[in-house]
Amino acid sequence: MGRVRVLAIDGPSGAGKSTLAAQVVAGLTARGCRTALVSTDAFATWDDPVAWWPRLADGVLRPLAAGVAGAYRRVDWSTGAPRPGELVGVEVPDVLVLEGVSSGRASVRPLLSHLCWLSGGSAAERLARAVARDGPAARDELARWQRFERGWFTVDGTREAAGSRLS
């Protein structure tokens, strides 16, 4: 993608993608590499798990590929319901880390330098971690999300396309 290298860290909810992405960014930054982190959590909602992608492509991926800064509007959940939130600028990095469910989708793979799949254990283990993160009130939505993402990953072939697979 232009001169920007792009690492996607994808896998099911509760697998540990955000934790891994933060570690990767910290490691690259410590080595003097300019990095940017964009999470699909900043776009997705319960009712729109993956169709928001054009906002990421138009606001971040295309500008960075052209060598100019990008921006996106983060989803704000502070009221309990998703609504447009703050505008987040993304300076042109050496490495862009895309993290989250669908970050390694088929449509973006030609732009990726590497796709990492993180499985994160069984569905029950991932659900327990996600509920611990998001709270018990989110359990039903998280279970519904898990059902959706199983189908998404099967159709998209994300795991099979990954250059590295971690558990």
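Is Asp 58 buried, partly exposed or exposed, and what is its relative accessible area? In this predicted model, Asp 58 is partly exposed, with a relative accessible area of 49%. Asp 58 pairs with Arg 62 in a salt bridge, and the closest N and O atoms are 2.2 Å apart. Both residues belong to helix α2. They are 4 residues apart, about one turn of the helix. Arg 62 has a relative accessible area of 54%. The cut-off for exposed is over 50%, so Arg 62 counts as exposed.

Side chains of opposite charge can pair when their charged atoms come close. The model holds 8 salt bridges. One of them joins Asp 47 to Arg 144, at 3.7 Å from N to O. This pair links distant parts of the chain, 97 residues apart. Asp 47 sits in the loop between β2 (35-39) and α2 (53-65). Arg 144 belongs to helix α4 (residues 139-156). The relative accessibility of Asp 47 is 71%, which makes this residue exposed. Arg 144, by contrast, is partly exposed, at 35%. Asp 47 and Arg 144 also belong to a salt-bridge network that includes Glu 141.

Strand β3 (residues 70-76) and strand β4 (residues 83-90) run antiparallel and are joined by 6 bridges. Val 75 has Pro 84 of β4 as its bridge partner. Arg 83 and Asp 76 meet through their side chains in a salt bridge, with 3.0 Å from N to O. Arg 83 is in β4 and Asp 76 is in β3, as the residue ranges of the strands show. Arg 83 is partly exposed, at 38% relative accessibility. The hairpin has 6 residues between the strands. Gly 80 takes a positive phi there, near 95°.

Most residues other than glycine have a negative phi. Ser 102 has a positive phi of about 85° although it is not a glycine. Ser 102 is placed in the loop between β5 and β6. Its relative accessible area is 0%, and Ser 102 is buried.

The largest nonpolar core contains 31 residues. Val 38, Leu 56, Leu 61, Leu 96 and Leu 98 touch the most other members. Two or more residues come from each of β1 (5-10), β2, α2, β4, β5 (95-99), β6 (114-118) and α4. Helix α2 gives the most, with 6 residues. Another core, of 11 residues, lies apart from the largest one. Its members include Leu 7, Ile 9, Leu 20 and Val 97.

A pair of aromatic rings is described by the distance of the centres and the angle of the planes. The model holds 8 aromatic pairs. One of them is formed by Trp 52 and Trp 53. Their centres are 5.5 Å apart, with 40° between the planes, and the pair is tilted. Trp 52 is buried, with a relative accessible area of 2%. Trp 53 is also buried, at 8% relative accessibility. Trp 145 and Phe 148 have ring centres 6.3 Å apart and planes at 55°, so this pair is tilted. Trp 145 and Phe 148 are 3 residues apart in helix α4, about one helical turn. Trp 145 is buried, at 12% relative accessibility. Phe 148 is partly exposed, at 30%. Trp 145 and Phe 148 belong to one aromatic cluster with Trp 46, Trp 77 and Trp 152. Trp 52 also meets a charged side chain. Arg 105 lies over the face of Trp 52, at 5.4 Å from the ring centre.

How values were computed. Residues numbered from 1 in each chain as written. Predicted model: local features only at pLDDT ≥ 70, side-chain atom pairs only at ≥ 80, totals over all residues. Heavy atoms only, no water. Pairing = 2+ DSSP bridges. Salt bridge = Lys/Arg side-chain N within 4 Å of Asp/Glu carboxyl O. Buried < 20%, exposed > 50% of the residue type's maximum accessible area, 1.4 Å probe, protein only. Core = buried A, V, L, I, M, F, W, Y, C linked by side-chain atoms within 4.5 Å. Phe/Tyr/Trp six-rings, centres within 6.5 Å; stacked < 30°, edge-to-face > 60°. Lys NZ or Arg CZ within 6 Å of the ring centre and 35° of its normal.
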